[in-house]
Amino acid sequence: TLPRSLAHMSALAQLHLSNNSLTGTLDVLDTLVPHVLFSVGLAHNNFHGALPRNAHVPHVSWFDVANNSLSGIVPPAYCSLLPYNAVTYRDFSGNAFGGAWPYCMA
C-alpha cells in the first residue's frame, strides 16, 4: 500500500514503484503535491479499485499504471489533469477498466 505520508513529500518529483508486488488502492494520488510531481510509474503491481477521481497531477508527463487490477472507469477529469499535448507517455492497459473511455483518450 502506498503510504499517506507521500503527501507530505513536498519535493517529490518522480514516483516510480513499478514491479514491486505492491497492493492496495491509489487513493494517495488525491493528496500528492501537484506542482512538483511530473512522473508516476506504478505499473506491474497489484493495485486494485478505481483511479482517484480527483488526482492532483496536472504537470505529469509520464503516467503508467499498466498491469494492475484497477477497475471502474478512467475518470474524465484525467483529460484536464493529463493534457494530451503535455503527456509524453501514459499507459492504462492490462487493467479491468469498464465503460466508455474519456473523450480525450478515445
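Predicted model: local features only at pLDDT ≥ 70, side-chain atom pairs only at ≥ 80, totals over all residues.
Residues are numbered from 1 along each chain as its sequence is written, and side-chain values use heavy atoms, with hydrogens and water left out.

Let us turn to the aromatic rings. A pair of them is described by the distance of the centres and the angle of the planes. Rings of Phe, Tyr and Trp (its six-membered ring) pair if their centres lie within 6.5 Å; planes under 30 degrees apart count as stacked, over 60 as edge-to-face and the rest as tilted. By this rule there are 5 aromatic pairs. One of them is stacked: Trp62 and Tyr89, with 4.2 Å centre to centre and 25° between the planes. This pair links distant parts of the chain, since Trp62 belongs to strand E5 and Tyr89 to strand E7 (residues 89-91), 27 residues apart. Trp62 has 33% relative accessibility and therefore counts as partly exposed; Tyr89, with a relative accessible area of 29%, is also partly exposed.

Phe92 comes back here, in an edge-to-face pair with Trp101: 6.0 Å centre to centre and 65° between the planes.

Now look at His59, in the loop between strand E4 (46-49) and strand E5 (62-64). With a relative accessible area of 48%, His59 is partly exposed. His59 and His35 are 24 residues apart in sequence, and their C-alpha atoms are 6.5 Å apart in space.

Stepping back to the whole chain, its secondary structure comes to 1 helix and 8 strands (DSSP runs numbered from the N terminus, with helices being H or I of at least four residues and strands E of at least two). Along the sequence, the pattern reads β-β-β-β-β-β-α-β-β. Of the 106 residues, 41% count as buried. Among contacts (heavy atoms within 4.5 Å) between residues at least 6 apart in sequence, 59% join residues at least 24 apart.

Methods: Buried < 20%, exposed > 50% of the residue type's maximum accessible area, 1.4 Å probe, protein only.
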